[in-house]
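Subject: Structure handover

Hello,

Here is the structure I said I would pass on. My notes follow it.

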Amino acid sequence: MDPNYKKQDREQILAYLKAHPISSVDAIMEESGAEPVRVYPLLFELNQEKIIRVLEETGWGAPLRVELSEQER
């Protein structure tokens with residue numbers, strides 16, 4: 001059975017955010033252990049699922065800082 005890397009990265013991002021509820025995306029990419037190429041798509045999914053909230057974004061709409069929702073803490 002092949003490992004599900006997306007699921008592993010999602011769990012790593014959520015674990016990081018539980019320890020650091022308000023984080024920069026750069027910190028998540030550097031410190032969570034998730035594969036950097038999957039961070040933005042996973043953050044988009046987490047935002048759509050209302051698990052995180054984007055606090056700051058670039059002019060192009062990419063998140064810069066995110067916050068874990070209160071109910072996920």
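The notes below cover the sheet first, then the helices.

This is a predicted model, in which local features need pLDDT of at least 70, side-chain atom pairs count only at pLDDT 80 or more, and totals for chains, interfaces and linings use all residues. Residues are numbered from 1 along each chain as its sequence is written, and side-chain values use heavy atoms, with hydrogens and water left out.

Helices (H or I, at least four residues) and strands (E, at least two) are DSSP runs, numbered from the N terminus. Two strands pair if DSSP finds at least two bridges between them.

The sheet is open and has 3 strands in the order S1-S3-S2, with antiparallel pairing. S1 and S3 (residues 63-68) are joined over 3 bridges; Ile22 has Glu67 of S3 as its bridge partner.

Helix H1 packs on the sheet and touches S1, S2 and S3 (contact means heavy atoms within 4.5 Å). The direction of H1 makes about 70° with that of S3; axes are lines fitted to C-alpha atoms, for helices over the stretch in contact, and angles run from 0 to 180 degrees between N-to-C directions. Helix H3 lies across S2 and S3, at about 120° to S2.

The axes of H1 (residues 5-19) and H3 (residues 36-48) come within 10 Å and cross at roughly 70°. The two helices are therefore roughly perpendicular (angles of 65 to 115 degrees). Residues in this contact include Tyr5 and Ile13 of H1 and Leu42 and Leu46 of H3.

Regards

Note on methods
Angles under 35 degrees count as roughly parallel, over 145 as roughly antiparallel, 65 to 115 as roughly perpendicular and the rest as oblique.
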